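Try each task before reading its solution.

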Amino acid sequence: MISQKGGDPTVLVMDEPTLRDLQDRDRQFLLELGDNVAIGLAFGSVAFGVACYNDPALRTRSISIFPINVRLDVWLSIVRLISHGGSYVCPDVIAEQASDMRHDPNEDICLTQRQIDVLRLVADGQPNKRIADQLGLSVHTVKLHLHNACLRLGARNRTEAAMRFRASRL
C-alpha cells in the first residue's frame, strides 16, 4: 500500500495469488473502499487479468490491471500512474479479451456478399492481387473488404478470418 504522510492509503496493489485467496467478505471490503483509494491488480497469467477485466464488480471500481513480471522501472511507472489518479489496463489483457469474444460459427455471419467472395478466395489460398483480378476489384478494395471482414469475425489476420469463415460454412 502507498499512502500519503500520516494519511489513509491512496493505492492498494494486490497480486494474483492474494486476490484468488480472498474470502467473500474481504473481496466485498476491497470493492467498498472509498474512491480515493486506487486499486491495482498485478497478474501472473493473462487469463486471470482478462477474468478481472471482465468482472463487472471490479470494472465499476476502475481497477488497474497489469502484469507482475515486467521490468521494475515499467512496473513502478504503472504504480506511479495509478497513484496520481490514472488507470492502466495491460494491452495484452484487452487484446486477449477481444479475441475471447469469438464468433459463434452457428450464428449467421453478417458479411456482405463481396466480403464473402473475398474470404472464400482467401480461404482457398489466393493472394490479394489474384483475388482482385478474379473479382474485378483493385488490390486496395480487396484489402478493405478483408479488413472489414476480419473486424466482423473478430479475427486478427487473414488466416484467422479464413479459418473462421470456413468453420462457419461447415
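**Exercise 1. How do the residues lining the largest pocket divide into nonpolar, polar and charged?**

Solution. This is a predicted model. Start with the lining: 5 residues are nonpolar, 9 polar and 2 charged. Next, take the space: the largest pocket holds about 230 Å³. Of its 16 lining residues, Asp35, Val37, Ala38, Ile82 and Gly85 are the closest to the centre. Last, find the elements. Strand E2 (9–15), strand E3 (38–43) and helix H5 (72–83) each supply at least two lining residues.

**Exercise 2. Decide whether Ile78 is buried or exposed, and list what it touches.**

Solution. First locate Ile78: it sits in helix H5. Its relative accessible area is 6%. Buried means under 20%, so Ile78 is buried. Now look for partners beyond four places in sequence: Ile78 touches Phe66 and Tyr88. Finally, compare Ile78 with Cys90. They are 12 residues apart in sequence, and their C-alpha atoms are 9.8 Å apart in space.

**Exercise 3. Which residues of helix H8 are buried, and why do they lie on the same side?**

Solution. Helix H8 spans residues 128–135, and its buried residues are Asn128, Ile131, Ala132 and Leu135. They cover an arc of only 100° around the axis, so they fall on the same side of H8. An α-helix has 3.6 residues a turn, so residues three or four places apart point the same way. Turn to the face away from the buried side: it carries the exposed residues Lys129 and Asp133. Then ask what covers the buried residues. The cover includes helix H7 (113–123), helix H9 (139–153) and helix H10 (158–169). Just after H8, Gly136 has a positive phi of about 70°.

Key. Residues numbered from 1 in each chain as written. Predicted model: local features only at pLDDT ≥ 70, side-chain atom pairs only at ≥ 80, totals over all residues. Heavy atoms only, no water. Buried < 20%, exposed > 50% of the residue type's maximum accessible area, 1.4 Å probe, protein only. Helix = DSSP H or I, 4+ residues; strand = E, 2+ residues; numbered from the N terminus. Arc of directions from axis to C-beta. Contact = heavy atoms within 4.5 Å. 1 Å grid on protein atoms, 1.4 Å probe; cavity = no way out; pocket = protein on both sides within 12 Å on 5 of 7 lines; lining within 4 Å. Points joined across faces, edges and corners; volume = space filled by probe spheres on them. Nonpolar A, V, L, I, M, F, W, Y, C, P; charged D, E, K, R; others polar.
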